[in-house]
Amino acid sequence: MDTVKPAGYEGRYVQGFQFYLKHSEEHKAILGYVDKVLPGEFTRIGEGKSKMDVLGVGSGGGEMDAHILSILQSKLPATALTADIVEPSIHLTDNFKALVEKTPSLQKIPFSWHTVTCGEYEKQVKDKREIKRFDFIHMIQMLYYVDDYPGTIKFFHNLLKENSKLLIVHEAAGSGWDTLWKTYRRELCTKSISDYLSAGDIKVHLERLELQYDEHLIPNTLDITDCFTTGDEMGELLLDFMTEQDHFHQSLTPDLRASILDLLRNRCSTEKEGRIPFDCSMSCLLVYS
């Protein structure tokens, strides 16, 4: 059974996604955590190992993967690395491959590309007699597109070797995203996201699966002031991405648009000096094998 909705990263959505990444500095915020926590983790995970296998799930254009792999190379220079990448978007996978081609250190690592949903990847793995297991698996901002949250987490956790870790990065409980999508769950969860869960909900699943984890909060904000200027092209692109609409102002009724904009301004943000910073804080959940 496929556990994932069709990939969301196509067409106008990918434009909004890339605009959001640039202006929210989400990757920069995550990298701050990665640089602080993962070097020590990799030293512990890699102790006594001659080879480490890494799996990226929902890797997008590969910017986060490249940084994580560079940390591994710097902390464990004598350890051979392999990288498996699961990413359903052909466009983003091509971006990742282009990044590898222009990065000499990445060219030293053998990559296996799986341009499928994680549900399709799960089926492929289960159809094989020999299952490849991993020393480190990361699932960064990708569980939104999964239907069976505990089943997906359990499957990938079962791919870990002993003394290994699974990293899940997700929108924090109580963040602006959490408030927006849970308030308007019925109206917004109609496309590739069929339901919404925050990191708080993921923690409930981890605890039910009796999995041990550490949590680290990553504060972050995004200036959404332009979303409140009628006709602003970038503001409209951002609203489309945040609500997963093809065109926010054409797709939703006037009353629903007004209600969402009011919530974004007054419950998801804290207005400061004439600007409206949206709370897009994240949680990093580091799950033990």
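Where is the place of Asp84? I found Asp84 in strand 2, residues 80-86. I keep in mind that this is a predicted model.

**Entry 1: Asp84**

I looked up the accessibility of Asp84 next. Its relative accessibility is 5%. Buried means under 20%, so Asp84 counts as buried. Then I checked its side chain. A polar contact of 2.9 Å joins the side chain of Asp84 to that of His114. I also listed what Asp84 touches, leaving out residues up to four places away in sequence. The list holds Val54, Leu55, Gly56, Ser112, His114, Lys132 and Phe134.

**Entry 2: helix 6 and helix 7**

I turned to a pair of helices. Helix 6 covers residues 118-127, and helix 7 covers residues 149-157. Their axes come within 11 Å and cross at roughly 45 degrees. That makes helix 6 oblique to helix 7. I noted the crossing of the two helices as left-handed.

Which residues in helix 6 meet helix 7? I found Cys118, Tyr121, Glu122, Val125 and Lys126 on the helix 6 side. They meet Thr152, Phe155 and Phe156 in helix 7. I sorted the residues of this contact by type: five are nonpolar, one is polar and two are charged.

**Entry 3: more on helix 7**

I stayed with helix 7 and asked which of its residues are buried. They are Tyr149, Thr152, Ile153, Phe155, Phe156 and His157. What do these buried residues pack against? I noted helix 6 and helix 10 (199-208). I also noted strand 1 (51-57), strand 4 (134-140), strand 5 (160-171) and strand 9 (282-288).

I then checked the N-terminal end of helix 7, which Asp148 caps. A side-chain oxygen of Asp148 lies 3.0 Å from the backbone nitrogen of Gly151.

**Entry 4: two positive phi values**

I looked up backbone angles in two loops. Glu244 is not a glycine, yet it has a positive phi of about 55 degrees. I placed Glu244 in the loop between helix 11 (233-243) and helix 12 (248-251).

Glu273 also has a positive phi, near 50 degrees, and is a residue other than glycine. I found Glu273 in the loop between helix 13 (254-266) and strand 8 (277-279).

Is Glu244 buried or exposed? At 7% relative accessibility, Glu244 counts as buried. For Glu273 I read a relative accessible area of 77%. Exposed means over 50%, so Glu273 is exposed.

Notes. Residues are numbered from 1 along each chain as its sequence is written. This is a predicted model: local features need pLDDT of at least 70, side-chain atom pairs count only at pLDDT 80 or more; totals for chains, interfaces and linings use all residues. Side-chain values use heavy atoms; hydrogens and water are left out. Axes are lines fitted to C-alpha atoms, for helices over the stretch in contact, and angles run from 0 to 180 degrees between N-to-C directions. Helices (H or I, at least four residues) and strands (E, at least two) are DSSP runs, numbered from the N terminus. Angles under 35 degrees count as roughly parallel, over 145 as roughly antiparallel, 65 to 115 as roughly perpendicular and the rest as oblique. A crossing is left-handed if the near helix is turned anticlockwise from the far one by less than a right angle, and right-handed if clockwise. Contact means heavy atoms within 4.5 Å. Ala, Val, Leu, Ile, Met, Phe, Trp, Tyr, Cys and Pro count as nonpolar, Asp, Glu, Lys and Arg as charged, and the others, Gly among them, as polar. Buried means under 20% relative accessible area, exposed over 50%, partly exposed in between (1.4 Å probe, protein chains only). A polar contact is a pair of N or O atoms within 3.5 Å; within protein, one must be able to donate a hydrogen and the other to accept it, and residues adjacent in sequence count only if both atoms are side-chain atoms.
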